[in-house]
Every structure is written in structure tokens, then in C-alpha cells.
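Good morning, and thank you for coming. Please look at the structure on the screen while I describe how its parts are arranged.

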Amino acid sequence: MVHIQHGKSMNVKNESQVMEFTLSGIAYVSHWKSLVFTVFLTIFVMTILGNSLIVLVVRLNISLHTPMYFFLSNLSFVELCYTSITIPNILSGIIRGSGSISFSGCIVQVYLITLCATAECILLVVMAFDRYVAICRPLHYTVIINRMVCAYFAIFAWLSGVLNSTINTVVTSNLNFCGSKFIDRLYCEVQPIVRLSCSDTHLSDILATLSAAVFGVSCLLFILMSYFFILLTILKMPSRSSRHKTFSTCSSHITVVILYFGALIFMYLLPSDSSSQRLDMAVSMIYSTVTPMLNPIIYSLRNHQVIGALNNMMRCNSSLKPSHVRRV
């Protein structure tokens, strides 16, 4: 009898070690296979081209070698990673008509998405701090935001992502899964996976709360505080044109913050029973696919320096083309 019980426990253990999840969101959108595939492919191409162009323009144009555009290029690189992690797997699932993903593949996706999400939160905070110093303390800007400080901020953002994702992913990967295998998403995230576990998730819940508090709530509060002081400084400016010009330097960042943190607040801070699973799935796609696609558009359309740099690059490329063919 003891031998039989031991065998059962071994079977349960083996079942929890070798798992294959099913992303039910992919099965749901596959009902409109051609349309959804076209939409996601368009988003993927636009995101890759747009963010790659931002990184390239900032890299090649000397006039954009400033802290603000350095952080913008880092943000664009994060968006490139975000999209490359999620959309190719979604497109593959739509083609196959199946949302199945291996346990190891799901854990890798969780790790990379958590890393990118954490790095993006920190970068948005750093960009808000950059605008605060530029507007509220302009005479000290070059001293406070120098090249070394920019490098430290960027390293801190990426290391924070690595640390946060490593801790959460290791704990999640050690959970036992012996019940439902269906994840109500188009890709793997920590929270939906933890809900499927049949073991004690107390530690995972604590880590998720700490992560949301440190990299979500505190980051948003810092951004709001920065813009509170920025707004006070702008209101003290004498002319309306100077107020409008100064505020326009922040408008792109404010738009991105509203889109990104608005989706995160909806997903992680509102009660889980306040929205349907399909709505949760749709909102999760906003900060993982839609926001990365819109970022280059928002920053290029609202930024005259970026538009000017793009025009200069196009003129240079056209001038390098041969104007005539040599006659023999």
C-alpha cells in the first residue's frame, strides 16, 4: 500500500515537472484567423520598423546625442524586445491553430516579459526626472544629467529588470501544476500562471505585490510628483508661448505614461472580478504590443527635432545616390 502511494506521488511530481500550457487567447482569436494574423503582422512590422528607426536616428544624428534621446533610444530598444517576445509566438500559434506552449518556453517568456516591463517602468521614471531637471533646474542640468549619470540610469534600469524577473521567474518555475493548463492570455505572464498552481502560492503573491509596489506604484508616484513640480514651474512662466513650448517637450512622455501605466493599473491594481477574462486579455495586449507600436509615432509626430533628423537623413541618402549614369 505504501508502495502504491509512493508511485502516485511520483506520478504527480512527474506531471508537475513536464507541463505544456495552452494559451487560450490564441485559440479564441483564431476564429478570425486571416484578419487577426494580418493585424498582428502589421503591428509587428510597424513596431520593429518604427523603434529601429528611432534607435538609428538617435545613434547617427549628433544633434540628438542628448540625455533625453539617449533614454528614448533605450525605451525604443525595450519596445523592440517586448514585441519580439510576444508577437512571433502569437503569429505561430494562429498559423498552427493551437495555443500550446511548453513549460520551459512559457517560463522563458515570463522571464523576458517581466524584465522588459520592469526596465520600461524605470526608464519612464528616468525620463520624467530628466524633464524635471531640464525645466525646474535648467542651470544645473548639464551637471546633474551628465553622460556618466545617463549610463548609470540605463544600467540600473536593465539590472532592475534582470533582478526582478529572475526572482519572480525562479519562484514561479518551482510551483507545482497539476490542474488546469489553460492560460487566459495570448502570451505567458506571471499572474495567470500562478493562478493555475496547485501548490502554495503565498511567496509568489508576496513577490508579485512587492514588484507591483516597487516598480509600479512607486514609479508612477515619482512620475506624478515630477510633473507636479514641472506644472508649477510652467504656470510661473510669464508668456503663454513659453508655457506652451515648455509643455510640448513633455507631451510625448505624458502620452506614453498614460497608455502604459493606465493599462498596468487596470490589469494589476483593480479587483480581478471587475472585468472579464477577455477584457483582461485585450488590455494586456495594450502595454505589450499596442504601446510599443505607438511610441515611435507619438515621439516622432510630437517632436520637431526627431522629424528634422529624419528629414536630414533622407536628404543625405538621396544626395548619395548617383545623379547620372556614366557614359561609355
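I begin with the contacts along the chain. Of the contacts with a separation of 6 or more, 80% are between residues 24 or more positions apart. Please keep in mind that this is a predicted model. The chain contains twelve helices and three strands. It has 328 residues, and buried residues make up 43% of them.

Let us turn to the packing of the helices. Two packed helices are described by the angle between their axes and the distance between the axes.

Helix H3 covers residues 33-60 and helix H4 covers residues 67-96; they pack at an angle of about 160 degrees, and their axes are 9 Å apart. Angles over 145 degrees count as roughly antiparallel, so H3 is roughly antiparallel to H4. The crossing in which H3 passes H4 is left-handed. In the contact of H3 with H4 there are 21 nonpolar, seven polar and two charged residues.

H4 also packs against H5, at an angle of about 160 degrees and with the axes 10 Å apart. H4 and H5 are therefore roughly antiparallel to each other as well. Here too the crossing is left-handed, with H4 passing H5. The contact of H4 with H5 is made up of 18 nonpolar, four polar and four charged residues.

The remaining pair is H7, residues 147-173, and H9, residues 202-235, whose axes lie 9 Å apart at an angle of about 160 degrees. These two helices are therefore roughly antiparallel, and H7 passes H9 in a left-handed crossing. On the H7 side the contact is made by Ser160, Asn164, Ile167, Asn168 and Val171, and on the H9 side by Leu203, Ser204, Leu207, Ala208, Ser211 and Phe215. What classes of residue make up the contact of H7 with H9? There are six nonpolar and five polar residues, and no charged residues.

I now come to the interior. In soluble globular proteins, nonpolar side chains tend to be buried together. In this model the largest nonpolar core has 78 residues, and those with the most contacts inside it are Phe21, Phe40, Leu186, Tyr260 and Phe261. Which helix gives the most to this core? That is helix H5, residues 103-136, with 18 residues.

Phe21 deserves a separate look.

Finally, I would like to show two individual residues. Ser76 is found in helix H4. Is Ser76 buried or exposed? Its relative accessible area is 4%, and the cut-off for buried is under 20%, so Ser76 is buried. Apart from neighbours within four places in sequence, Ser76 is in contact with Asn51, Ile54 and Val55. Ser76 and Met293 are 217 residues apart along the chain, and their C-alpha atoms are separated by 9.7 Å.

The other residue is Thr291, which lies in helix H11, residues 277-301. Thr291 has 1% relative accessibility and therefore counts as buried. Not counting residues up to four places away in sequence, Thr291 touches Glu79, Leu259, Tyr260 and Ile286. Tyr260 was also among the residues with the most contacts inside the largest nonpolar core.

Thank you for your attention.

Note on methods: Residues numbered from 1 in each chain as written. Predicted model: local features only at pLDDT ≥ 70, side-chain atom pairs only at ≥ 80, totals over all residues. Heavy atoms only, no water. Axes fitted to C-alpha atoms, helices over the stretch in contact; angles between N-to-C directions. Helix = DSSP H or I, 4+ residues; strand = E, 2+ residues; numbered from the N terminus. Parallel < 35°, antiparallel > 145°, perpendicular 65-115°, else oblique. Left-handed = near helix turned anticlockwise from the far one by under 90°. Contact = heavy atoms within 4.5 Å. Nonpolar A, V, L, I, M, F, W, Y, C, P; charged D, E, K, R; others polar. Core = buried A, V, L, I, M, F, W, Y, C linked by side-chain atoms within 4.5 Å. Buried < 20%, exposed > 50% of the residue type's maximum accessible area, 1.4 Å probe, protein only.
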